[in-house]
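Please keep the sequence and the 3D view at hand.

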Amino acid sequence: MTAHAPSRGDVAVLVPAAGLGTRLGPGAPKALRTLAGVPLLVHAARRLAAAPSVGCLVVAAPPGDVDGVRDMIDIPVDLIVVAGGDTRQASVAAALAAVPPTFPIVLVHDAARALVPPELVERVAAAVRAGHDAVVPALPVVDTIRTVGPDEIALGTVDRSVLRAVQTPQGFRREVLTAAHAAAVDPLTDDAGLAEQIGVPVLCVPGDEAALKITRPFDLAIAELLLRD
Ligand code: C5P
């Protein structure tokens, strides 16, 4: 291997999986809901571990389920399970603190994106390895997007050619993600937003529709169809 060959196993993936996911209806924490009889988290972990760059997974589990989550994940790479926090951001911070020092690249992946293709993981990791400090997979927006006032009267249409719907896994040089979390003030819904707050440019690479976020019962139905292929 030359000094410039892409290294394998240089990526740790953080998986925040501690949310309750009430939009899917009452029941188990969202990451532990099943899809074709297998918890969403286990689907996600298997796909992440199938990406050759990934050498370690750090899962933030619901605090009462740490041991159960460790037992349910069967993957051929190192697995660390920590208790998640009150917010997604706190769960990511707890997972980040547990990453062994040998991983220069850290990805953050929502367990709810259970069907993430390993190729997408590799695409994000490769862009970080190529020198980008923060990388997100993103898709063009297909709907017409309008802003509205308090009375639901439309105010205007946004130019969708400059919009992207952002997915996970989001990739970072490890020091960048650590600095972004250390500087975080207000909770944000993703980690690239935190990197931006400390002035780090975020590169968008092509996302993948199969990495949809399973949030509502409709998304579960789509995911079941995708599994049949
Ligand atoms: O609620 P939302 O869909 O934005 O959650 C995104 C991801 O963050 C999910 O995988 C969820 O399990 C995780 N999360 C977490 N800790 C929380 C809240 C959400 O790990 N306190």
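In sorting residues by class, Ala, Val, Leu, Ile, Met, Phe, Trp, Tyr, Cys and Pro count as nonpolar, Asp, Glu, Lys and Arg as charged, and the others, Gly among them, as polar. The model is a predicted one. By these classes, the shell around the ligand is made up of six charged, five nonpolar and four polar residues.

Which residues of the shell come nearest to the ligand? Of the 15 residues around the ligand, these are Pro-16, Ala-18, Gly-19, Gly-85 and Ser-91.

A backbone N or O atom of Ala-111 lies 3.3 Å from an oxygen atom of the ligand. With Lys-213, the side chain takes part: one of its polar atoms lies 3.3 Å from an oxygen atom of the ligand. On its own the ligand has 460 Å² of accessible area, and the protein covers 84% of that.

Rolling a probe the size of a water molecule over the atoms shows where empty space is left. The ligand takes up the space of the largest pocket. This largest pocket has a volume of about 620 Å³. It is lined by 29 residues, and the closest to its centre are Arg-23, Lys-30, Arg-88, Asp-110 and Lys-213. Helix α3, residues 88-97, gives the most to the lining of the largest pocket, with three residues. Sorted by class, the lining has 11 polar, 10 nonpolar and eight charged residues.

The second largest pocket holds about 530 Å³ of space. Of its 17 lining residues, Leu-139, Ala-165, Gln-167, Glu-209 and Leu-212 are the closest to the centre. The elements that give two or more residues to this lining are β7 (134-140), β10 (164-166) and α7 (217-228). By class, the lining of the second largest pocket has nine nonpolar, six charged and two polar residues.

Two backbone details remain. A cis peptide bond, with omega of about 10°, joins Thr-168 and Pro-169. Pro-169 is placed in the loop between β10 and β11 (170-173). Ala-36 has a positive phi of about 50° although it is not a glycine. The loop between β2 (34-35) and β3 (38-39) is where Ala-36 is found.

How values were computed: Residues numbered from 1 in each chain as written. Predicted model: local features only at pLDDT ≥ 70, side-chain atom pairs only at ≥ 80, totals over all residues. Heavy atoms only, no water. Near = heavy atom within 4 Å. Polar contact = N/O pair within 3.5 Å; in protein donor to acceptor, adjacent residues only side chain to side chain. Areas by Shrake-Rupley, 256 points an atom, 1.4 Å probe, with all protein chains shown as cover. 1 Å grid on protein atoms, 1.4 Å probe; cavity = no way out; pocket = protein on both sides within 12 Å on 5 of 7 lines; lining within 4 Å. Sits in = over half its atoms within 2 Å of the grid points. Points joined across faces, edges and corners; volume = space filled by probe spheres on them. Helix = DSSP H or I, 4+ residues; strand = E, 2+ residues; numbered from the N terminus.
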